[in-house]
Amino acid sequence: MWRRRSVSTITRRLFSSTPEVPNLYSFLQPSLFSLKQNPPQPPPPPSNSLQSLTHQSISTLESTLHKSLLTNNTDEAWKSFKSLTSNSAFPSKPLTNSLITHLSSLPDTHNLKRAFASAVYIVEKNPGLLEFETAKTLLETMKCANTAAPVFALIKCMFKNRYFMPFELWGNSLIEISRKNGNFVSYLRVFEENCRIALDEKLDFMRPDLAACNAALEGCCFNLESVRDAEKVVETMSVLGVRPDESTLGSLAYLYALKGLEKKIIELQSLFRGLGFSNKWAIYSNLVRAHVKSGNLESASAAIIQGLKESDGEHLKFGEDIYCEIVTGFLKDGSIKGLASLILETQKLEPSTIELDKSIGFSMITACINLGLSDKAHSILDEMNAQSDSVGLGVYVPILKAYSKEHRTAEATQLVMEISNSGLQMDVGTYDSLIEASIVSQDFQSAFTLFRDMREARMTDLKGSYLTIMTGLMENHRPELMAAFLDEVVEDPRIEVKTHDWNSIIHAFCKAGRLEDAGRTLRRMTFLQFEPNDQTYLSLINGFVTAEKYFSVLMLWNEVRRRVSADRDKGIKFDHNLVDAFLYALVKGGFFDAVMQVVEKSQEMRIFVDKWRYKQAFMEVHKKLKVSKLRKRSFKKMEALIAFKNWAGLNT
């Protein structure tokens, strides 16, 4: 809460040194822009009298000032201006305004001080020289520089010297800088003086607009918390002919509720209806805030319920900050039971068609979570379940999202089971995000449980979550879970299982050296009538080569040979990669008869083969193998070896 004494003290610090600054236009007086105190400066030497400046001298100084501004020689321009004003002479009106505008445009506090000092001096000595637009530019610049004290000082100087600018040229700047610095009390005093001048002098252009009046009232209600000052602003608005709006009455509602003035609140609500305003939440949101602040939670709940009853089916239009205040108030009071009861009451009054994220329950629980109290949010949910068997889905969703974000996936999954058991059904997007969080946390059992729940809930769109699980298991090197999961869902018509899914499992098993599991997966795959393709066999060949199980590669070749078709649109795609893999493995295994079968098939299908790799493989493994030794064992093997060496060019 703002206190008059503290504000006036701050104002004196900003605007004065010790003692008070004798002249606001004392050039470059630093205390006007900073809290830092500066030692008093010695008085300037006596200036020459006006007679010492001839018309020629004045003309020369003005010419120098003009040229300096054109060439952006700021220091020289300032020197010329000081020489003129020190001798009670003034530059021409265009030059004066050009100088102040130029100084305002420079990005440093030093020249902004010069601009301020010049403007105050001109207003006090010769206000007719200062154009409204120049003063507006200076005020805007000081607002952007966040120098509140000089802004207030300049406006007060204008009032004192009867330099009356249209309110629209300076009012918004003053409001903005007051809000930014919390100077609502200072703004209120300037506002009151401005209104007095507008009425006494009959200057319509000085009358503040509705936004300015509301800003003054806001300061009275939320900062000063003064009924007398607030009603004085309202009276001024009436005299000025400024019609109040929802915001006006909302500020008053806050103040009256804070002070416990029930009769005035009733009068205000009657006036609200009489003026034909439709945004009832402008009053109810402020009533709630005030009741919560004063610790009157019962009245806060009553205001929310009354607002809902009068909403005609519209959703509550409180802001997130108000929900946070409500939740904080109840939790600070230790009233989880009261908050749960309030949410349940609002659910009875809200239309059945309301969107989840627009419901009060959703907003309250979301506010609780945003305050970092997800466990408290769950406690509120538990209390609601204890009080009623009808808890809306909107209360669950924010907690699920919070658990997902915090990777508390086991708790989230348990909550999903509660939702399903209560007959409610979540949307696909929520399931997808929870499953993804489970995979990221490597909580695979929760992911499986959630997916089963999706299937049991008869959801049609399972593809996203299915791919998330399969990809996550593969990246985490869990092919056994992939196989079990795929076996469980393969017959579900909503899931499009394809050969590449089986290939992913086989590839993962082979990479892990679990070749028996890879073989079992291949058999299961073919049993379910999924055709292996070239990728299937490439993974198996690479796995067998790594384990040096070349005979298994030979068995694969016998199977592939039966499946390969000359028609590339049918059967296995027998391409260069598959040819290379078979040749390399079969050469290392010494199965030259099969090697030549692969060569023959590749020639038949016009697949280019680079022989160098197989020469190297032969030399590494079979360098000492002699044809004469094979002749004694097997004539057929001898012929195959000779054929290979001839083909590979090893007999030359």
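**Note on loops, helices and salt bridges**

1. Gln529 sits in the loop between helix 27 (515-527) and helix 28 (534-546); helices here are DSSP runs of H or I, at least four residues long, numbered from the N terminus. Its phi is near 65 degrees, a positive value in a residue other than glycine. Gln529 is exposed, with a relative accessible area of 72%; exposed means over 50%, buried under 20%, and partly exposed in between, with a 1.4 Å probe and protein chains only.

2. This is a predicted model, in which local features need pLDDT of at least 70 and side-chain atom pairs count only at pLDDT 80 or more, while totals for chains, interfaces and linings use all residues. Residues are numbered from 1 along each chain as its sequence is written, and side-chain values use heavy atoms, with hydrogens and water left out.

3. Arg162 also has a positive phi, about 55 degrees, although it is not a glycine. Arg162 lies in the loop between helix 7 (148-160) and helix 8 (167-181) and is exposed at 52% relative accessible area.

4. Helix 4 (residues 93-105) has 13 residues; at 1.5 Å a residue it should span 18 Å, and its end C-alpha atoms are 18 Å apart, which agrees. The expected span is 1.5 Å times one less than the number of residues. Among the buried residues of helix 4 are Leu95, Leu99, Ile100 and Leu103. The cover over its buried residues includes helix 2 (55-70), helix 3 (74-86), helix 5 (109-125) and helix 6 (132-144).

5. Ser301, in helix 15 (residues 297-309), is buried at 16% relative accessible area. Leaving aside residues up to four places away in sequence, Ser301 touches Phe330 and Leu342 (contact: heavy atoms within 4.5 Å).

6. The salt bridges number 31, each being a side-chain nitrogen of Lys or Arg within 4 Å of a carboxyl oxygen of Asp or Glu. Glu325 pairs with Arg289, the closest N and O atoms being 3.4 Å apart. Glu325 lies in helix 16 (residues 320-332) and Arg289 in helix 14 (residues 281-293), so the pair ties together parts 36 residues apart in sequence.

7. Asp517 and Arg520 form a salt bridge at 2.3 Å, N to O. Both lie in helix 27, three residues apart, about one turn of the helix. Asp517 is buried at 19%, whereas Arg520 is partly exposed at 44%.

8. The structure holds zero disulfides (pairs of cysteine sulfur atoms within 2.5 Å). Cys157 is buried at 3% relative accessibility, and Cys510 is buried at 9%.

Key. Helices (H or I, at least four residues) and strands (E, at least two) are DSSP runs, numbered from the N terminus.
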